[in-house]
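Hi,

Here is the structure I promised to pass on. Have a look at it first, then read my notes below.

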Amino acid sequence: MMKKEWNTVEVLRHVRHDWLNKLQLIKGNIDLNKIDRVKEIIGEIVIEAQHETKLSNLNLPHFTTLLLLHNWETESFKLEFEVIDDHKCGKLNDEELTTWTSEFFTVLNESMKSYYDNHLILTIEQQQEGLRFFFDFCGIIENRESIETFLHNTSFGINVKQVDMNERELTLEVMIPYK
């Protein structure tokens, strides 16, 4: 599958669309006098923006772009991410990480039930020896063998430390040492 090349105008159009949706959600809840819900929505927006900032600070531009554009490019599963600790991390191979993650997303997309509420949460945590990635998928997995084959492929040089999978969940931990 060929990835879309985004130009500046398209990116700005999507960002503006996302912000207008958020503002309409806030306005609708104000009109309904649901001030507590408005505060929750604003809190969620702040947390999301903080994680985007922390992701950008990892100095992994290709990987950051992949994650930030994911929900605009596919509707098969919603991606959320969390970055724990925003200090500058050691050197990683950005292109290798991006290629592996992109191919993982493709395999996951091809292995899940379409038009279902599929959701992936990615937690990124800096540790002394490297960067730890924890993937937590919830949805319906129809082709477990394809995912298992991909995860056991060592040609990427990425060490998948732990995998738990059933028909409705997939969790895996990946540790990438600093170079």
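One term to start with: a residue is called buried under 20% relative accessible area, exposed over 50%, and partly exposed in between (1.4 Å probe, protein chains only). By that rule, Arg37 is partly exposed, with a relative accessible area of 29%.

Before we go on, some background. This is a predicted model, where local features need pLDDT of at least 70 and side-chain atom pairs count only at pLDDT 80 or more, while totals for chains, interfaces and linings use all residues. Residues are numbered from 1 along each chain as its sequence is written, and side-chain values use heavy atoms, with hydrogens and water left out.

Now the salt bridges, meaning a side-chain nitrogen of Lys or Arg within 4 Å of a carboxyl oxygen of Asp or Glu. The structure has 7 of them.

Arg37 takes part in a salt bridge with Glu40, with 3.2 Å between the closest N and O atoms. These two sit 3 residues apart in helix α2, so about one helical turn separates them. (Helices are DSSP runs of H or I, at least four residues, numbered from the N terminus.) Arg37 also pairs with Glu44, at 3.5 Å between the closest N and O atoms. Shared partners join Arg37, Glu40 and Glu44 into one network. Glu40 is partly exposed at 45%, and Glu44 is partly exposed at 45% too.

Another salt bridge brings together the side chains of Glu48 and Lys22 (3.2 Å, N to O). This pair links distant parts of the chain: Lys22 lies in helix α1 (residues 8–31) and Glu48 in helix α2 (residues 35–56), 26 residues apart. Glu48 is partly exposed, at 37% relative accessible area.

Cheers
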